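Here are a few friendly notes to read alongside the model. Please keep the 3D view open as you go through the points.

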Amino acid sequence: MTTPLRLDVRPSGAGGEGEFELLLDVPSDLHYVGPAVDLVAERCRHGALPPRKVQFNLRTALAEALANAIAYGNRQDPSRLVRVRVEAGRDGVRIHVTDDGVGFDPAAVPDPTLPERLEREDGRGLFVLRSLVDHVTFNEKGNSVCLTLRAG
């Protein structure tokens, strides 16, 4: 890792306590996943989410989404970035992770819990995301995921 990450923090909405927006561009190198997650989690510690939800759910889900965007979306192409936008409010946190790839169809991802698929690795990342956050949505192209974690 050579380029330091820069987290852009902005007030959001009415700008009340715990309401903010974070913007972060992450190079397509898996070595940046940990530092990027640390930056976002540290800033979200003071928001609406309980500490355990930040420490476990947010960190793990963001790491999975970033790693997938870097490895599969951008194919670890150093000329591409993964854009992270975090919207934090009183009701929770929404994390958008967008890569420069061609996207995919999340509906076509097989269920990794089916007995015949237990030995396969494909599909596990999406399963993990859906298990850790309250809501997962993708844009139409399939190159941007929005992870919603509700307060409480």
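1. Helices (H or I, at least four residues) and strands (E, at least two) are DSSP runs, numbered from the N terminus. This is a predicted model, in which local features need pLDDT of at least 70 and side-chain atom pairs count only at pLDDT 80 or more, while totals for chains, interfaces and linings use all residues. Residues are numbered from 1 along each chain as its sequence is written, and side-chain values use heavy atoms, leaving out hydrogens and water.

2. Start with the open sheet: its 6 strands follow the order β1-β2-β3-β4-β6-β5, with antiparallel pairing (two strands pair if DSSP finds at least two bridges between them). At the edges are β1 (8–11) and β5 (135–138), each pairing on one side only.

3. Now look at β5, which 4 bridges join to the antiparallel β6 (residues 144–150). His135 has Thr148 in β6 as its bridge partner. Across β5 and β6 lies helix α3 (residues 124–132), running at about 135° to β5 (axes are lines fitted to C-alpha atoms, for helices over the stretch in contact, and angles run from 0 to 180 degrees between N-to-C directions).

4. Where does Leu66 make its contacts? Leaving aside neighbours within four places in sequence, Leu66 is in contact (heavy atoms within 4.5 Å) with Val26, Val33, Ala36, Val37, Val82, Val84 and Val97.
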